[in-house]
Amino acid sequence: MSLNSLNAISPIDGRYRSKVEDLANYFSEEALIRYRVLVEIEYFIALCDFNLEQLPKLSETQKIELQSIYKSFSTEDALAIKEIERTTNHDVKAVEYFVKDKFDRLGHQKYKEFIHFGLTSQDINNTAIPLSVKESIEDVYYPLLETLIATLLGYAKEWEGVPMLARTHGQPASPTRLGKEIMVFVVRLEEQLKQLKLAPHAAKFGGATGNFNAHQIAYPSLDWKEFGKHFVEDRLGLKHSFPTTQIEHYDHLAGLFDNLKRINTILIDLDRDMWTYISMEYFKQKIKAGEVGSSAMPHKVNPIDFENSEGNLGIANAIFEHLAAKLPISRMQRDLTDSTVLRNVGVPVAHTILSIKACLKGLNKLLLNEDKFKEDLEDNWAVVAEAIQTILRREGYPNPYEALKGLTRTNAGITQSSIYEFIDTLEITETLKQELKLINPSNYTGI
């Protein structure tokens, strides 16, 4: 059976492939192989720049020629490496042999033993994977999340003057404004995004057990720790973790996943609020010709985009949770559990991308139903009781809270008339009564 979107096991590569296919450039097997080749090539160039006496001083043209090995990397190249792996039964060693073959073809045979010089496979994996995560977040995730934030900010400004009945514990509460409630999500997401952008993308690079043993024994007079820091930070743009065991300790990566999880949790909160507002008829949804809301009920226009978003966020967070909890734990100087787990890093990112796109789709379908907002406010005059009792407190009126509690905590409906009648019974000045009567559910919305 040839693999296609209809027989893929995961919906990421099946039903939803078209929505997340950009991530294949960072998290597919071919992408991982390409990133490994990148690290091997850049490492060799860095060694040449380090002035090892056995290596040449490369010209810019020669560097560009070597870099073209990964910059022009193709599916055919990836398949060639997988064919080598059938013999080596080791994925990184297969990459090393592939690069050595390229050196033969380019006339660099005498230098090819400096490919993968002094390294262990985790020096390649623990730089290639953080680099793929970093670039995927910068290239795909940030622009999409920033689009979502911009969309919410646009709604916050558009609806800043729309009064809305608030609900705490599901019950009518002091009125608010729709724009302000949307702005809450804007600020929450912006603050978490700031933290995310400060998170280091850390990488291990230090030989078999992190001590540059092989490098040091071959060239004892050279500062290999400084070389490793320069290579990882200046050439690859990552943070050099030191000291380490054979592998990166993944603490920073776990923090990154926790941060992504927090943002997803905020988005779940947003999805549920928007779903609820639609069910309350605060919003209607734009209808697309030909779409069906229910196989049985022709009238239905379901909030499926927010439901789809919420479901994918839950899956993403479950996997982020496992990654963050598992990756920082490794027996002694290294066990293999991180390797198989790291191959799944792209899965929660893909579910997250799916969810943001679904949320955006839902937001772009919203149609404001102002009449429903006004109706709810008019039906809940009891919410101005807080305002009245607060002004009475200001004036030193005796027991205002208790007086309003007696009026409002009944099963009888509270209306404008009943509120006005209550105000007229108060032993206060006529001026103060008029001040109280100016308050209504639509203008008692705070700042």
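Trainee: Why is Asn89 called exposed?

Mentor: Its relative accessible area is 70%, and exposed means over 50%, buried under 20%, and partly exposed in between, with a 1.4 Å probe and protein chains only. So Asn89 counts as exposed. A word on the source: this is a predicted model, where local features need pLDDT of at least 70 and side-chain atom pairs count only at pLDDT 80 or more, while totals for chains, interfaces and linings use all residues. Residues are numbered from 1 along each chain as its sequence is written, and side-chain values use heavy atoms, leaving out hydrogens and water.

Trainee: What makes the backbone at Asn89 worth a look?

Mentor: Asn89 has a positive phi of about 55° although it is not a glycine. Asn89 sits in the loop between helix H5 (75-88) and helix H6 (91-106). Helices here are DSSP runs of H or I with at least four residues, strands are runs of E with at least two, and both are numbered from the N terminus.

Trainee: And His116, buried or exposed?

Mentor: His116 has 13% relative accessibility, so it counts as buried. His116 also has a positive phi, about 65°, without being a glycine, and is placed in the loop between H6 and helix H7 (121-158).

Trainee: How do you know that His201 is buried?

Mentor: The value for His201 is 13% relative accessibility, and therefore His201 counts as buried. His201 lies in the loop between helix H8 (178-198) and strand S3 (202-204).

Trainee: Which residues does His201 touch?

Mentor: Leaving aside residues up to four places away in sequence, His201 touches Pro130, Val133, Lys134, Leu238, Lys239 and Leu256. A contact means heavy atoms within 4.5 Å.

Trainee: What makes a space a cavity and not a pocket?

Mentor: On a 1 Å grid over the protein atoms alone, a cavity is a set of points where a 1.4 Å probe fits but cannot get out, whereas a pocket is an open set with protein on both sides within 12 Å along at least five of seven lines; lining residues have an atom within 4 Å of a point. Grid points are joined across faces, edges and corners, and a volume is the space filled by probe spheres set on the points. By this rule there is one cavity of 30 Å³ or more. The largest cavity has about 100 Å³, and its lining includes His201, Pro130 and Leu256. H7 and H11 (251-279) are the elements that give two or more residues to that lining.

Trainee: How big is the largest pocket, and which residues are closest to its centre?

Mentor: The largest pocket holds about 790 Å³. Of its 38 lining residues, Phe27, Ser28, Glu29, Arg343 and Asn344 are closest to the centre. H7 gives the largest share of the lining, seven residues.

Trainee: What makes the peptide bond from Phe242 to Pro243 cis?

Mentor: Its omega is near 0°. Pro243 lies in the loop between strand S4 (239-241) and helix H11 (251-279).
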